[in-house]
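Please keep the sequence and the three-dimensional view at hand while reading.

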Amino acid sequence: MEEVISVIIPCYNVEKYIDRCMESVLNQTYRELEIILVDDGSTDRTGNICDRYSQIDARVKVIHKENRGLSSARNAGLDICQGDYIFFVDSDDWITMDAVQYLYDLRKKYSADFSMAAYVRTRAYGKKDRLWHDYVECELSQSEFLSKFFKIGTQENVQFAWAKLYKSELFDNIRYPTGVVFEDVPTMFHIAVYSEKIAYSTHIIYYYYINPDSITEEKFNDRKFDLIKVWDMVCESACQNRNEWILAQAIINRKRADFGVLMELAISNITLKEKQTYLLKINGNISDLKKNAADLYRCKIPLSRKIFIAAFSINYPICLRILHCISLLKYKLQKCGTEI
């Protein structure tokens, strides 16, 4: 018998997208699947659609639960899954027909703890915003993967839960932290420190839909400060790990998180008046950035970011106004281009 792969799909108010996602999952070339749909207290037709899929395909299981967020939904799926491997899909995304088979074969080839492949960001079905240019397939050691995780000399993002196939035992003592966004960051860190080998490929298997209604695409709000919280979690875990290199990189990324929040506020699509209301709240982040600027200059990060770090440290309110004007101009030019 083939090994069973548990596909966990958290769902919340995705009646417009879930059929697209499920079609891509049900038509996988790898057939031995346990598909777990977690309806996280949806208020639209999502729950009914989930139930319909469980009636037409015996591989589909449905959990209906009170709305507690993405982490809680993933954890609910992890609590009942029985597969040998675990694969996550977000319900507004979709995957290639060979996605599961490809990751399964890749993991087997390298005898890895988990395998990972590439994704494409897209704003419309069939329209790709970003492509990987060079094909790479290799085995990564734990330290090599963590170098990518900590973005040492790269801007590649490997922190997402999806586009990866995990051995189920990796989650025996790991769950996603609830009550925060950016929950993938501390969880992926825990997975990494329990993994010795990772199978890595830039073969595209996952389509990440830039959903204007999602948490990550919403206007700047207090939840964006969770980026600080999750890196605090990573630092706390790194202290317990007792690996000096891991701890040092975790601390540097925590320092980078201050810059990340300040940049996101500056280029966000809220009004300048709304941005200025945050100045008092982010005063501590600005102070920390000034204090840690010298450490960040020594990091292997793009020169453009180092320039912004310097500018933010000198006078963040002025930078905020300048970047707001640039973002506004860019938006108007894009709108004019669309209308033309």
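In which helix is the place of Ile322? Ile322 is in helix H11, which covers residues 303-339. Helices (H or I, at least four residues) and strands (E, at least two) are DSSP runs, numbered from the N terminus. The model is a predicted one, in which local features need pLDDT of at least 70 and side-chain atom pairs count only at pLDDT 80 or more, whereas totals for chains, interfaces and linings use all residues. Residues are numbered from 1 along each chain as its sequence is written, and side-chain values use heavy atoms, with hydrogens and water left out.

Ile322 has a relative accessibility of 49% and therefore counts as partly exposed. The term belongs to a scale on which buried means under 20% relative accessible area, exposed over 50%, and partly exposed in between (1.4 Å probe, protein chains only). Together with Ile318 and Ile326, Ile322 makes a nonpolar surface patch of about 280 Å². Such patches consist of residues with over 30% relative accessible area and no salt bridge; like charges are joined within 9 Å, and nonpolar side chains (Val, Leu, Ile, Met, Phe, Trp, Tyr) within 5 Å. The areas come from the Shrake-Rupley method with a 1.4 Å probe, and for residues only the protein chains shown count as cover.

## Helix H1 and its surroundings

Helix H1 spans residues 18-26, and seven of its nine residues are buried. These are Ile18, Arg20, Cys21, Met22, Ser24, Val25 and Leu26. The buried residues pack against several elements, among them strand S1 (5-11), strand S2 (33-40) and helix H2 (46-56).

Asp19, by contrast, is partly exposed, with a relative accessible area of 31%. Its side chain meets that of Arg52 in a salt bridge with an N to O distance of 3.3 Å. A salt bridge is defined as a side-chain nitrogen of Lys or Arg within 4 Å of a carboxyl oxygen of Asp or Glu. Because Asp19 lies in helix H1 and Arg52 in helix H2, the pair ties together parts that are 33 residues apart in sequence. Arg52 is partly exposed, at 36% relative accessibility.

## Further salt bridges

How many salt bridges does the structure hold? The number is 21. One of them joins the side chains of Asp57 and Arg59 at 3.1 Å, N to O. Asp57 is buried at 16% relative accessibility, and Arg59 is buried at 16% as well.

Another salt bridge, at 2.5 Å from N to O, is formed by Lys109 and Glu137. Lys109 lies in helix H4 (residues 99-110) and Glu137 in strand S7 (residues 137-141), so this pair ties together parts that are 28 residues apart in sequence. Lys109 is exposed at 58% relative accessibility, whereas Glu137 is partly exposed at 26%.

## Two buried loop residues

Glu183 is located in the loop between strand S8 (164-167) and helix H6 (184-193). With a relative accessible area of 7%, Glu183 is buried. A network of salt bridges links Glu183 with Arg74, Asp90 and Asp184. Leaving aside residues up to four places away in sequence, Glu183 touches Leu70, Ser71, Arg74, Tyr176 and Pro177; contact here means heavy atoms within 4.5 Å.

Thr96 is found in the loop between S5 and H4. Thr96 is likewise buried, at 15% relative accessibility. With residues up to four places away in sequence not counted, Thr96 touches Gln28, Ile204, Ile205 and Tyr207.
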